[in-house]
Amino acid sequence: MSLKGFTRLGDSTLTNDIQENLVSYLDYNLLQMGNFVDVPVPSTGLYGGVDSRLRLVDDPRYTSGQVWATFRPNLVWESGVGALTSTNPSYPGVSGVRVNSTLYPPSTTGTYAYHVDHINGAVRFDNAIAASSVVEMAYSYKYVSVTRSDGLGWFKQLQERSERSDGGFASQSGIYELLPESRQALPVIGVELAGRKLAPYQLGGGQLVETDFYCHCVAEDAYTRDSLVDALTYQSKASMRMYDLNEIADADDFPLDYRGVPNSGAKTYPELCSNYAGRTMYIKDAKLDSVYSLGTLKIGTVKITTEVIHFGV
């Protein structure tokens, strides 16, 4: 007798499927509701500084002059939402990088070849350029980040005042001394697995699987925290088609590659759900669990209960 519920060790199973789809559902629909900030070239920050200018990153894994970072991470790569993204489907996301006023498209080869890590907001050149270079980029970033809570590991430091491109960003001091992947800008929604229960679905087989998640809304002010809490609790009784992670993996069709670069023809959340349709997920309940402050941070936790039908167990 074999183990039930999955066919290959290493495949994505139910918990991962639900959590990834819940994160994608919230992330994409917040984006559709205007969760992005445009940074054209030039772009002056609210408190001074130049938002469109990238800073040199002291990354020990690369030669000095190779890695440059935006002042905010989580760059928009999805097209069709009104953000500053490329109109060329072969190169989704950021449409080019300027070095000393010369624009280099993503297809650039040779001395100024580069790739843009949209997750961490980093431009990595194949070859080091002069540290005195003026590197600029037009882009849009997602103001609210949505991530699995295990994406907020102990090595990540929550970044307050991340909307400022003056001060520490310009001087590469304070929290900006950390690598881009070691910082988490606020506000953020961290989705954490909280519990699970199963009940028989019908005669002949199948289980009705209820999975609980805590969605931790972390912000620097109560107004933003409360807005995020409301946005999540409003989703009670919503339902959506999930995408099948195993089918996406078998087709090698993930939107982003291991570097955080959008693949050619990268599919958005609705396109993944359409092309690699999986189960239907129902949000059975979404209710406020707790609200509190932790130093200057304002935190609200919403408990979301999802429901899917699972056969083979």
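This is a predicted model: local features need pLDDT of at least 70, side-chain atom pairs count only at pLDDT 80 or more; totals for chains, interfaces and linings use all residues.
**View 1. The largest nonpolar core.** This core has 39 residues, and Leu22, Ile189, Val191 and Ile283 touch the most other members. Helix 1, which spans residues 14-32, gives the most to the core, contributing 8 residues. In soluble globular proteins, nonpolar side chains tend to be buried together.

**View 2. The aromatic pair of Tyr28 and Tyr269.** The protein has 5 aromatic pairs. In one of them, Tyr28 and Tyr269 are tilted, with 6.2 Å centre to centre and 45 degrees between the planes. Tyr28 belongs to helix 1 and Tyr269 to helix 5 (residues 269-275), so the pair ties together parts that are 241 residues apart in sequence. Both Tyr28 and Tyr269 are buried.

**View 3. The aromatic pair of Tyr243 and Tyr269.** Tyr243 and Tyr269 form an edge-to-face pair, 6.1 Å centre to centre, with 75 degrees between the planes. Tyr243 lies in strand 15 (residues 239-243) and Tyr269 in helix 5, and the pair links these distant parts of the chain, 26 residues apart. Tyr243 is buried, as is Tyr269. Together, Tyr28, Tyr243 and Tyr269 form one aromatic cluster.

**View 4. A nonpolar patch on the surface.** Leu3, Phe6 and Leu9 make a nonpolar surface patch of about 380 Å². Leu3 is found in the segment before helix 1. Leu3 counts as exposed because its relative accessibility is 67%, and the cut-off for exposed is over 50%.

**Setting of the views within the protein.** The protein has 313 residues, of which buried residues make up 48%. Its secondary structure consists of 5 helices and 17 strands. Of the contacts between residues at least 6 apart in sequence, 72% join residues at least 24 apart. The accessible surface comes to about 15100 Å², and 51% of that surface belongs to carbon and sulfur atoms.

How values were computed:
Residues are numbered from 1 along each chain as its sequence is written. Side-chain values use heavy atoms; hydrogens and water are left out. A nonpolar core is a set of buried Ala, Val, Leu, Ile, Met, Phe, Trp, Tyr and Cys residues joined through side-chain atoms within 4.5 Å. Buried means under 20% relative accessible area, exposed over 50%, partly exposed in between (1.4 Å probe, protein chains only). Helices (H or I, at least four residues) and strands (E, at least two) are DSSP runs, numbered from the N terminus. Patches are made of residues with over 30% relative accessible area and no salt bridge: like charges are joined within 9 Å, nonpolar side chains (Val, Leu, Ile, Met, Phe, Trp, Tyr) within 5 Å. Accessible areas come from the Shrake-Rupley method with a 1.4 Å probe; for residues, only the protein chains shown count as cover. A salt bridge is a side-chain nitrogen of Lys or Arg within 4 Å of a carboxyl oxygen of Asp or Glu. Rings of Phe, Tyr and Trp (its six-membered ring) pair if their centres lie within 6.5 Å; planes under 30 degrees apart count as stacked, over 60 as edge-to-face and the rest as tilted. Contact means heavy atoms within 4.5 Å.
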